[in-house]
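Please examine the sequence and the structure shown below.

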Amino acid sequence: MFSFTVRSFFQKLVTLFFISIISFLVVYLAPGEPSQIDPLNPKFTAEDLQRFRQEFNLDKPLQEQYYLYYKNLFTGQLKSWKDNQPVLGKIYERFKNSLWLFIVGTLITWCLSFPVGIHAAIRRRSFFDRSTTFLAYVLISIPSFFFAYILIIFVVKTFNIPVIGMQTFGMSGAAGIYQVMDRVWHLVLPSILGALGGIALLSRYVRAQMLEVIHQDYIRTARAKGLSEDQVYYRHGFRNALLPFVTMFGLILPGLIGGSVIIESIFAWPGMGRMGYEAILARDYPIILTINFMAAVLVLIGTFISDLLYMVVDPRIRL
Amino acid sequence: MLIKKVLILLPVIIFVLLLQSFFWVPTYDEQVRGNPLRLEEFIIAAIGDARILNPILSADSSSSTIEAQVFDGLIDRDEELKFRGRLAAGWKIYEEVYFYFNPKAAVNGRIISGPETIRALLSQKDNITDVAIIPPQKGETDIQIAGPDTNGDGFPDPINLKVRFNAPHRFKVTLREVDQDFFTKMESVLGKGYFKTFQASDHVRIITEGHEDKLSAVAAQVLPATEHNPVIIFDLRKGVKFHDGHEFDSGDVKFTYEAIIDPKNLSPRVPDYEPVKYLEVIDRYKVKVVYKRLYFPAFGTWGMGMLPEHLLNPGAIKREAEAKGEDPAGFTLRDSGFNRHPVGTGPFVFREWKSDQYIVLDRHEDYWEGAPNYRSYTYRIVPDLLTQEMEFYGGAIDSYGVQPHQVERLKDDPAYQNFSGLSFGYTYIGYNMRRELFKDKRVRKALGMAIDTDKIIRYVMYDQAERITGPFVKQTDYYDRGIQPPPYDPEGALELLREAGWVRNSEGWLEKDGKRFAFTLITNGGNDLRKSILTIAQDAWKKIGIDVKTDIVEWSVFIGRHVNTGNFDALILGWSMGIDPDLYQIWHSSQSNQNQLNFVGFNNKEADDLIVKIRQEYDHDKQVEYCHRLHRIIADEQPYTFLYVGKWTAVLDRKIVIKEALPSGEEEIRKITPTRTGNYSFYFNKWIKLAENPVFEMER
């Protein structure tokens, strides 16, 4: 166990190093330059552009830029090119906003997928099973922005109630509980929309797992023992079907940083995904790279947690 | 079974918790009813957030929108797009010209021995207010000239030279009005060639060894025979206060200028102020700006927002760096907290900025022109167009960048008023005139005649555009409305092409000397309008027998590989323009190298002359005359097929009106009407929202 942790730590460190190089190269070698170096501003002379390149270290050799970038990142001195704000501060600010969407979205996804998937598996080929299958395919194949628009138009036109942003505009005078509830309300639509795709996928997955498990011998044994149906499905079946999902739990961690670009943009939600997207448009390399790097770190931590969890829940596995 | 119960109850509980919040949130109607102050708030939505709220550092439109409310410039443009004073109560423009006494030149057939005679000759002229003689000067100076590029960075390496000069008498002549033809006119007094025959190299010696061959270039730089120095004197408005109560004065103007040209600050405005020779504070309310050369567009740059010197001077910046625990040496204006909390003299005072959410401004009660009617101004960031529309319906925003098709939906709704006007920019097809194919202007004209631009405007632009025939802003008088665009006439186009030697072969393709008329038309990706035009042009040209391939290229590749290197046949692109008629960068033949903006390679001697004359002319009527001539040349040469100038559209709640206090003490309520040039928000500070829909006399 201890040796696994140490070994895995160093392996992941090496992986991280290569990821840092590749992501750095992808961003820096992609065509186009930061919007400050706007080649179509008629009044800019070559010397002016050169000054910007110097300021952003873009005139140095790539390896030196790489070194400077990571040095600044780890000493916390990295600043966004867009507004000269410290990158880590900006990311933390947005992270707090995205976190709520992530928590509520994940909660909805996992809480809804299990009952739906299990019920569909137990009542295989029933009307419920077929309609959820149909619905799942609909949800997977229709893009989420489309749903988002339909839902926004529906809610705004029917209830005449604001849904955009993190809170209703001009509510700052209201009592505390109203403000809290207002924020909760603004979470509802984007988190449900963000969760829809996940529910569709996860519930299918639960169903498949459950179906596989309830055809096992030990289920038959349990039935033969004369246990009630509920006990058979939930104590013997469900627990075993749960195993693969434990590993998945570690893998949802990176979703934190990716956020959901589309949902955040449509709902004017000031989150991570939107910041990353806007940074790409403005070619704000420090932000793009830092988000990229943090995502990589989270992926690696996620896989590590999955490994550990798997070991905890399944005693047969030794690492 | 516990697990089963948990599995069913948990989602139910979560959903009940989430959805019950619905009942706590007020609908829009309740919001306004319970909150009459909403009528005094103006909320505008935009797609992108501001970057940096400092007028000398920002270059994006969101930041400029906010800066326009928080800061004031010395001048701006009035309803007719003419300049008017803001922080400057008035200004005076005159000129100082310099030239050297030329001991070798003959005046009226006689060699003049001393400068006094020349002073006497000049003093009689009526545009001249003063002639001063600067005594001969001796000295040494360091000068930097451009040498060959040895380190391969694409820029010439500077060479530093030490130079000794022994200058003759110099004249400083003050003119009442700027006159770019001064020296030509003076030749009638001092004799032809008086200025040209001045040999600067007779008075200069290069001390640094090994560079003697550069003498004439260096000498002309050290002792220029003639020099135009236009001068602007600004009289500043007295008693104007910054938002923190500090009074605005000439020190702030000087500081703003110096902050821009300070290389540490990396201001994107540096090129605007490069022509300034020096800026001098005459007294607390008077500033003198002297320019190195005649350059009229430089005047407009004083619309730049003025920064508060007392908050940003080096001492203040240093204190801020120390307070933040950063190294003062590397801490510049760019890093200052001011950029996220600006203080200006404008009609609105900055209150709060939540990144990617909103920026809130409060009205400036002591604004020198009278406080605005609105109590606050909020800039909301809603990155999605449809959501903006939804918020507008609900009344959570008062104004947004409405799209033409959205205007269609709202046009007949009595709850809204809408505006539209011409924007400052145009879309065109440019032909690479360096390529043999496009060298003949008949060919370029024929290509334009084959395209039905009116149909493009109708079907691609939903009629939200107008035709344009030249490179000037259409609503200014620089634009000559008498010039007609080439007609849509495919037959005529074929006729022109035949004159140029292109005839249809048996397959129907145009051919000349056995070569087919074929080229590639490109544009950038991500612009659906240009994509549609690309297809329409290709189809129109195919119809007259031209084999056109098309390509859509990602923006940075488009600029880097095609536009900047001149590696294209024809392209579709747009220019956005300033009001100033300066066409130097885009149309002057000297600007047609790599990475420059005359990428079509337009080269016309007469046009070059006019372009230079226009930027050196300070008299509006003469400028207009030159512009009309230039417009005619460009329309005749057809280096571009000028397609259209787009329209902007805007929608407001009809309850928003202009409210103004009349001298009699009564209040007058007027409908918002756009100015002659189409600016509907010109009187923004007088806008207010009424609780009821107003009824105006005219409408009954």
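Is B:Asp621 buried or exposed? The structure is a predicted model, and in it B:Asp621 has a relative accessible area of 57%. A residue counts as exposed when this value is over 50%, and B:Asp621 is therefore classed as exposed.

## A negative patch on chain B

B:Asp621 belongs to a patch of negative charge on the surface. Within chain B, B:Asp621 is found in helix α20, which covers residues 620–637.

## Overall form of chain A

Chain A contains 14 helices and 0 strands. Its pattern, read along the sequence, is α-α-α-α-α-α-α-α-α-α-α-α-α-α.

The C-alpha trace of chain A spans about 85 × 60 × 40 Å along its principal axes. Chain A has 319 residues, of which 46% are buried.

## Overall form of chain B

Chain B contains 20 helices and 31 strands. Taken along the principal axes, the C-alpha atoms of chain B fill a box of roughly 115 × 80 × 65 Å. Of the 700 residues in chain B, 54% are buried.

## A nonpolar patch on chain A

The surface also carries a nonpolar patch, formed by A:Phe145, A:Phe146, A:Ile150, A:Val261, A:Ile262, A:Tyr277 and A:Leu281. Together these residues have about 640 Å² of accessible area. Three helices of chain A each supply at least two residues of the patch: α6 (144–159), α12 (261–266) and α13 (272–282). Helix α6(A) gives the most, with 3 residues.

One of the patch members, A:Phe145, is placed in helix α6 of chain A. How is A:Phe145 classed by its relative accessibility? The value for A:Phe145 is 36%. The class between buried, under 20%, and exposed, over 50%, is called partly exposed, so A:Phe145 counts as partly exposed.

## Cysteines and disulfides

How many disulfides are there over all chains? The count comes to 0, where a disulfide requires a pair of cysteine sulfur atoms within 2.5 Å.

A:Cys111 has a relative accessible area of 12%, and because buried means under 20%, A:Cys111 is classed as buried. B:Cys627 has a relative accessibility of 0% and likewise counts as buried.

Methods
Residues are numbered from 1 along each chain as its sequence is written. Chains are lettered from A and ligands numbered from 1 in the order in which they are written. This is a predicted model: local features need pLDDT of at least 70, side-chain atom pairs count only at pLDDT 80 or more; totals for chains, interfaces and linings use all residues. Side-chain values use heavy atoms; hydrogens and water are left out. Patches are made of residues with over 30% relative accessible area and no salt bridge: like charges are joined within 9 Å, nonpolar side chains (Val, Leu, Ile, Met, Phe, Trp, Tyr) within 5 Å. Accessible areas come from the Shrake-Rupley method with a 1.4 Å probe; for residues, only the protein chains shown count as cover. A salt bridge is a side-chain nitrogen of Lys or Arg within 4 Å of a carboxyl oxygen of Asp or Glu. Lys and Arg count as positive and Asp and Glu as negative; His and the chain ends are not counted. The place of a charge is taken as NZ of Lys, CZ of Arg, CG of Asp or CD of Glu. Helices (H or I, at least four residues) and strands (E, at least two) are DSSP runs, numbered from the N terminus. Buried means under 20% relative accessible area, exposed over 50%, partly exposed in between (1.4 Å probe, protein chains only).
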